[in-house]
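Here's a quick tour of one protein chain, going from the overall build down to a few individual residues. Have the viewer open and follow along.

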Amino acid sequence: MVKHVILWQLKDELTGEEKEAVKAGIKEGLESLQGKIPGLVHIQVNKEGLASSNADVMLDSTFEDEASLKGYAVHPEHVAVADSKVRPFTKNRVCLDYTE
(Lines give C-alpha, C1' and ligand atoms only; values in the text may rest on other atoms or scores of the structure.)
Protein backbone atom coordinates (compact mmCIF):
# COMPACT_ATOMS: atom_id res chain seq x y z
CA MET A 1 0.00 0.00 0.00
CA VAL A 2 1.07 3.57 -0.69
CA LYS A 3 0.05 6.49 1.51
CA HIS A 4 -0.37 9.97 -0.01
CA VAL A 5 -0.65 12.73 2.60
CA ILE A 6 -0.96 16.41 1.75
CA LEU A 7 -1.18 19.48 3.97
CA TRP A 8 -2.42 22.77 2.52
CA GLN A 9 -2.41 26.32 3.81
CA LEU A 10 -5.19 28.49 2.44
CA LYS A 11 -4.52 31.93 1.00
CA ASP A 12 -4.30 34.71 3.58
CA GLU A 13 -6.72 37.00 1.76
CA LEU A 14 -9.64 34.61 2.33
CA THR A 15 -12.04 35.62 5.09
CA GLY A 16 -12.94 33.17 7.84
CA GLU A 17 -16.26 32.40 6.13
CA GLU A 18 -14.55 31.91 2.78
CA LYS A 19 -11.99 29.57 4.35
CA GLU A 20 -14.74 27.43 5.86
CA ALA A 21 -16.51 27.23 2.48
CA VAL A 22 -13.25 26.36 0.69
CA LYS A 23 -12.41 23.65 3.24
CA ALA A 24 -15.88 22.14 2.85
CA GLY A 25 -15.49 22.20 -0.95
CA ILE A 26 -12.10 20.52 -0.82
CA LYS A 27 -13.45 17.80 1.49
CA GLU A 28 -16.55 17.18 -0.61
CA GLY A 29 -14.65 17.23 -3.90
CA LEU A 30 -11.79 14.95 -2.94
CA GLU A 31 -13.84 12.48 -0.91
CA SER A 32 -16.25 12.17 -3.86
CA LEU A 33 -13.40 10.52 -5.79
CA GLN A 34 -13.77 7.32 -3.72
CA GLY A 35 -14.80 4.53 -6.09
CA LYS A 36 -13.98 6.57 -9.21
CA ILE A 37 -10.18 6.27 -9.35
CA PRO A 38 -8.59 2.87 -10.06
CA GLY A 39 -6.38 1.76 -7.18
CA LEU A 40 -7.69 4.37 -4.72
CA VAL A 41 -8.37 2.39 -1.54
CA HIS A 42 -9.25 5.19 0.89
CA ILE A 43 -9.50 8.97 0.83
CA GLN A 44 -10.28 11.30 3.73
CA VAL A 45 -9.97 15.05 4.20
CA ASN A 46 -9.57 16.58 7.65
CA LYS A 47 -10.53 20.25 7.85
CA GLU A 48 -10.85 20.61 11.62
CA GLY A 49 -7.31 21.07 12.90
CA LEU A 50 -6.54 22.28 16.40
CA ALA A 51 -5.52 25.90 16.96
CA SER A 52 -1.90 24.75 17.28
CA SER A 53 -1.88 23.63 13.63
CA ASN A 54 -0.11 25.59 10.92
CA ALA A 55 -2.01 23.90 8.08
CA ASP A 56 -5.68 24.33 7.23
CA VAL A 57 -6.54 21.08 5.43
CA MET A 58 -5.10 17.56 5.32
CA LEU A 59 -5.62 14.88 2.71
CA ASP A 60 -5.00 11.31 3.90
CA SER A 61 -5.28 8.78 1.08
CA THR A 62 -4.22 5.20 0.42
CA PHE A 63 -3.49 3.56 -2.92
CA GLU A 64 -2.86 -0.05 -3.91
CA ASP A 65 0.58 0.81 -5.29
CA GLU A 66 2.74 3.60 -6.67
CA ALA A 67 1.34 3.13 -10.18
CA SER A 68 -2.17 3.80 -8.81
CA LEU A 69 -0.94 7.00 -7.16
CA LYS A 70 0.59 8.14 -10.46
CA GLY A 71 -2.69 7.39 -12.24
CA TYR A 72 -4.61 9.40 -9.65
CA ALA A 73 -2.39 12.42 -10.23
CA VAL A 74 -3.48 12.67 -13.86
CA HIS A 75 -6.99 11.21 -13.64
CA PRO A 76 -9.45 13.72 -15.16
CA GLU A 77 -11.83 13.65 -12.19
CA HIS A 78 -8.99 14.33 -9.74
CA VAL A 79 -7.55 17.09 -11.94
CA ALA A 80 -10.99 18.73 -12.16
CA VAL A 81 -11.33 18.81 -8.35
CA ALA A 82 -7.77 20.05 -7.87
CA ASP A 83 -8.17 22.80 -10.48
CA SER A 84 -11.55 24.02 -9.24
CA LYS A 85 -11.58 23.43 -5.47
CA VAL A 86 -7.95 23.29 -4.31
CA ARG A 87 -5.34 25.14 -6.36
CA PRO A 88 -7.14 28.50 -6.67
CA PHE A 89 -7.43 28.82 -2.88
CA THR A 90 -4.17 27.43 -1.50
CA LYS A 91 -0.85 29.17 -1.01
CA ASN A 92 1.25 26.25 0.18
CA ARG A 93 1.24 22.47 -0.32
CA VAL A 94 3.39 19.89 1.46
CA CYS A 95 3.22 16.25 0.39
CA LEU A 96 4.55 13.01 1.84
CA ASP A 97 4.17 9.73 -0.08
CA TYR A 98 5.35 6.50 1.52
CA THR A 99 4.79 2.76 1.49
CA GLU A 100 3.02 0.98 4.31
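## Overall size and build

For 100 residues, a compact globule would come out with a radius of gyration near 13 Å, and the protein chain has 13 Å, so the two agree. Keep in mind that this is a predicted model. Taken along the principal axes, the C-alpha atoms fill a box of roughly 40 × 25 × 20 Å.

On the secondary structure side, you get 3 helices and 4 strands. Read from the N terminus on, the order is β-α-β-β-α-α-β. Take contacts between residues at least 6 apart in sequence: 67% of them join residues at least 24 apart.

## Surface and charge

The accessible surface of the chain comes to about 5800 Å², and carbon and sulfur atoms account for 53% of that. As for burial, 36% of the 100 residues count as buried.

The charge tally is 12 positive and 17 negative side chains. The centres of those two sets lie 2 Å apart.

## The nonpolar core

Which residues touch the most other members of the largest nonpolar core? They are Trp-8, Ile-26, Leu-30, Leu-33, Leu-59 and Tyr-72, out of 20 residues in that core. At least two core residues come from each of β1 (2–10), α1 (16–31), β2 (40–46), β3 (57–63), α2 (66–74) and α3 (76–86).

Not counting residues up to four places away in sequence, Leu-59 touches His-4, Val-5, Ile-6 and Trp-8, along with Leu-30, Ile-43, Gln-44, Val-45 and Tyr-72.

Start with Val-45, which sits in strand β2. Is Val-45 buried or exposed? Its relative accessible area is 2%, under the 20% cut-off, so Val-45 counts as buried. Beyond neighbours within four places in sequence, Val-45 is in contact with Ile-26, Lys-27, Leu-30 and Glu-31, and also with Val-57, Met-58 and Leu-59. Gly-29 is 16 residues from Val-45 along the chain, with 9.6 Å between their C-alpha atoms.

Then there's Tyr-72, in helix α2. Tyr-72 is buried too, with a relative accessible area of 2%. Setting aside neighbours within four places in sequence, the contacts of Tyr-72 are His-4, Leu-30, Leu-33, Ile-37, Ile-43, Leu-59, Phe-63 and His-78. Tyr-72 and Lys-36 are 36 residues apart in sequence, yet their C-alpha atoms are 9.8 Å apart in space.

## Two partly exposed residues

Ala-80 belongs to helix α3. At 43% relative accessibility, Ala-80 falls between the 20% and 50% cut-offs and therefore counts as partly exposed.

Arg-87 is in the loop between α3 and β4 (90–99). Arg-87 also counts as partly exposed, at 48% relative accessibility. What does Arg-87 touch, not counting residues up to four places away in sequence? Val-79 and Ala-82. Finally, Arg-87 and Asp-65 are 22 residues apart along the chain, and 25 Å separates their C-alpha atoms.

Methods:
Residues are numbered from 1 along each chain as its sequence is written. This is a predicted model: local features need pLDDT of at least 70, side-chain atom pairs count only at pLDDT 80 or more; totals for chains, interfaces and linings use all residues. Side-chain values use heavy atoms; hydrogens and water are left out. The radius of gyration is taken over C-alpha atoms; the globule rule is 2.2 Å times the number of residues to the power 0.38. Buried means under 20% relative accessible area, exposed over 50%, partly exposed in between (1.4 Å probe, protein chains only). Contact means heavy atoms within 4.5 Å. Accessible areas come from the Shrake-Rupley method with a 1.4 Å probe; for residues, only the protein chains shown count as cover. Lys and Arg count as positive and Asp and Glu as negative; His and the chain ends are not counted. The place of a charge is taken as NZ of Lys, CZ of Arg, CG of Asp or CD of Glu. A nonpolar core is a set of buried Ala, Val, Leu, Ile, Met, Phe, Trp, Tyr and Cys residues joined through side-chain atoms within 4.5 Å.
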